[in-house]
Number of protein chains: 2
Amino acid sequence: MNIPLLLETENVSYIIGNDAIEKSPIKFRQYKRIIVITDENVEKHCLPIFKQKLPSLIIDGVITIISGEENKSIHQLIYIWNELTRLNVGRDDLIINLGGGVLTDIAGMAAATFKRGVQFINFPTTLLGMVDAAIGGKTGIDFARFKNQVGLFINPSCVIIDPIFLDTLEDLHWQSGFAEVVKYGLIMDRELWQKLEGKKYKDVEDWNSVIIKASKDKIDIVRFDALENGIRKNLNFGHTIGHALESFYLKSGNPVTHGMAIAAGMICESWLSSKIFTLECTRLESIVKMIDLNFNRFDFSESDISRIMQLMKQDKKVRKKKQNFSLLRKIGKAVHEVEVEDQLIIESLEFYINRKKCN
Amino acid sequence: MNIPLLLETENVSYIIGNDAIEKSPIKFRQYKRIIVITDENVEKHCLPIFKQKLPSLIIDGVITIISGEENKSIHQLIYIWNELTRLNVGRDDLIINLGGGVLTDIAGMAAATFKRGVQFINFPTTLLGMVDAAIGGKTGIDFARFKNQVGLFINPSCVIIDPIFLDTLEDLHWQSGFAEVVKYGLIMDRELWQKLEGKKYKDVEDWNSVIIKASKDKIDIVRFDALENGIRKNLNFGHTIGHALESFYLKSGNPVTHGMAIAAGMICESWLSSKIFTLECTRLESIVKMIDLNFNRFDFSESDISRIMQLMKQDKKVRKKKQNFSLLRKIGKAVHEVEVEDQLIIESLEFYINRKKCN
């Protein structure tokens, strides 16, 4: 039997790695009743595994919402509040959030605001959830067509990360999470990068250790900067341009996955890093190669660039001719709040389109 | 010119007393823009005073919701989120909540959850707001017919309490706040009690010092027990029976004010205190006399008592034959989590109806 990693931080307990679920009941003991919040897909594919691993656990209620980012809405938040009311959930009870990033975001907000706060534990079931969304206390919903417009910073009492659920994932979900794993390698974890470099995600052998490394990277960052005043901004590497591309495709009626958008964003922003910092050409090329190995390129053209630039400014609510980026000094070391001129950002998008070499 | 009290606690700054508003701009300086959230009544009666006192303040937007407890709803919360979106409010901006308890509850929740938290300052305009609702970080809305079913504990960065707004209050609003002021005297502040004893609220001369004392009492309690795990429960004196009476009249189609309900609750619960603790008969009678001087009695009859008992159990979600109360050991000293048998609670309601003497 494997021994999962136990990690106690000031506010949150983590159990990470193979057989984490089996170790989790020590964290349930002090509560009166246990309520599970999940979504339709997870209920079908993961809840049976969860129950099988904890056969003696008594679940007092299951609340199931509709899957998908487009359902991270006020309507589903209200649905959860209504269900918690119907089940008469109180502050002595425990809520288990079982699902991917959308689920832990919305259910975390529901739990944290029901009766001014019911304790909850996150059990992420997707790669993205395990290494990113379930960790760090960002909860919320999309509102008025803005992502995460409404929400709060609130920590779960525990996060239990068991790679067993990865077997249930479809390709697109793998990809989304993998973009973030690669990102940790690039911004802060050279060792992780070296483990992954040159591999397709399907060829990674030891997911248990990759997940332990990547989730610990995220935990380290949010411990030092819970409210995103400083170093947590490094996590935005690839996201400034990535989010603009995500919006661009969403608004043109062909939504793309977050992972693909971030992958494209990382190519552009690595190029920016090579122009602004000392990131070497050969390094840039190995990053681009690694991303191309795992993600298809988007097909936007030069004439789309001005629209993409517009969306980027809207997203960040900036009107000036410069934008803040988190960029790479070298592989394994990011710097946040680097101002970049619009012209250079445009060139980074051209670099992406034209598949140019470094210089 | 008066010098208002400045009080800095770990998380919150307070400015309390005459001319507090004039002193408040030092707290606005670090923010980009200022948005006011208020309600229709307050906009009419208090916003002009506020502006007059701060003629050089630039207000970048005013969001006005509908007044009244029945509008402490998800619909108005969504309305505020929409307006904050329309005004493009960001985390560098400041929200000023100008209004009574309903307004600071709902607008506090809106601010705290918009973009995962915009800073806000409470300017209470009612007596209840000044001595109670605006202090202590409880925010929220009514939901699914339960009071404060959804919300969170989150502190404003400042609370600015200026008695000038009291002149705008109607009688019913005076009464609601006065019940809480009397409560502070009874549970923790014998000096305040002595200032008030035997007076109608209209005859109180020095509201400035009464408000400073009462609000400091509340601040002291929430500093020691923000999350209501212990001593903050003392604030529930009068509220266990009071809430049940409030629900009783609400459901029978004749809603009563919170203040009147709490006043009646304090009569019943003072009687319980005399039975369970050493609160003397003469003390009980002076409490009853003081409350009767300021509040009319309700007219429910013995046949309504079983329904009231039912509502009390629903409110607290208790099924057993005892309930927890906060009671008085003596005037100025409360004790929380005192178990009381149903039979004795019934007798306290009979004591109220029959205007019996102490023994």
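**Figure 1. Superposition of chain B on chain A in the predicted model**. Chain B is brought onto chain A by a rotation of 180° with 0.0 Å of shift along its axis, and the RMSD is 0.0 Å. The two copies are thus related as by a two-fold rotation axis. Residues are numbered from 1 along each chain as its sequence is written, and chains are lettered from A and ligands numbered from 1 in the order in which they are written.

**Figure 2. The contact between chain B and chain A**. Chain B and chain A each bring 24 residues to this contact, where two residues are in contact if their C-beta atoms, placed from the backbone, lie within 7 Å. On the side of chain B, two or more residues come from each of helix 4 (74-86), helix 5 (101-113), strand 7 (138-143) and strand 8 (146-153). Helices (H or I, at least four residues) and strands (E, at least two) are DSSP runs, numbered from the N terminus. Strand 8 of chain B supplies the largest share of that side, six residues. The side of chain B that touches chain A has 11 nonpolar, nine polar and four charged residues. In this classification, Ala, Val, Leu, Ile, Met, Phe, Trp, Tyr, Cys and Pro count as nonpolar, Asp, Glu, Lys and Arg as charged, and the others, Gly among them, as polar. Because 100% of the interface residues of chain B are also interface residues in chain A, the copies meet through the same surface.

**Figure 3. The two domains of chain A**. Domain 1 covers residues 5-169 and domain 2 covers residues 173-354 of chain A; these bounds come from an automatic or database domain assignment. The C-alpha centres of the two domains of chain A are 27 Å apart. In chain A, 21 residues of domain 1 are in contact with 19 residues of domain 2. Strand 1 (5-8), strand 2 (13-16) and helix 6 (127-133) of chain A each give two or more residues to the domain 1 side. Helix 6 of chain A gives the most, with five residues. The domain 1 side of this contact in chain A has 14 nonpolar, six polar and one charged residues.

**Figure 4. Helix 4 and helix 5 of chain A**. Helix 4 (residues 74-86) and helix 5 (residues 101-113) of chain A pack at an angle of about 45°, with their axes 10 Å apart. Axes are lines fitted to C-alpha atoms, for helices over the stretch in contact, and angles run from 0 to 180 degrees between N-to-C directions. Helix 4 of chain A is therefore oblique to helix 5 of chain A (angles under 35 degrees count as roughly parallel, over 145 as roughly antiparallel, 65 to 115 as roughly perpendicular and the rest as oblique). Residues of helix 4 of chain A in this contact include A:Ile80 and A:Trp81, and those of helix 5 of chain A include A:Ile106 and A:Met109. The contact residues of these two helices of chain A divide into eight nonpolar, one polar and no charged.

**Figure 5. Helix 11 of chain A with helix 12 of chain A**. Helix 11 and helix 12 (residues 281-294) of chain A pack at about 175°, and their axes are 10 Å apart. Helix 11 of chain A is therefore roughly antiparallel to helix 12 of chain A. Among the residues that meet are A:Met266 and A:Trp271 in helix 11 of chain A and A:Leu284 and A:Ile291 in helix 12 of chain A. This contact has nine nonpolar, two polar and no charged residues.

Notes
This is a predicted model: local features need pLDDT of at least 70, side-chain atom pairs count only at pLDDT 80 or more; totals for chains, interfaces and linings use all residues. Copies are superposed by least squares on the C-alpha atoms of residues with pLDDT of at least 70 in both.
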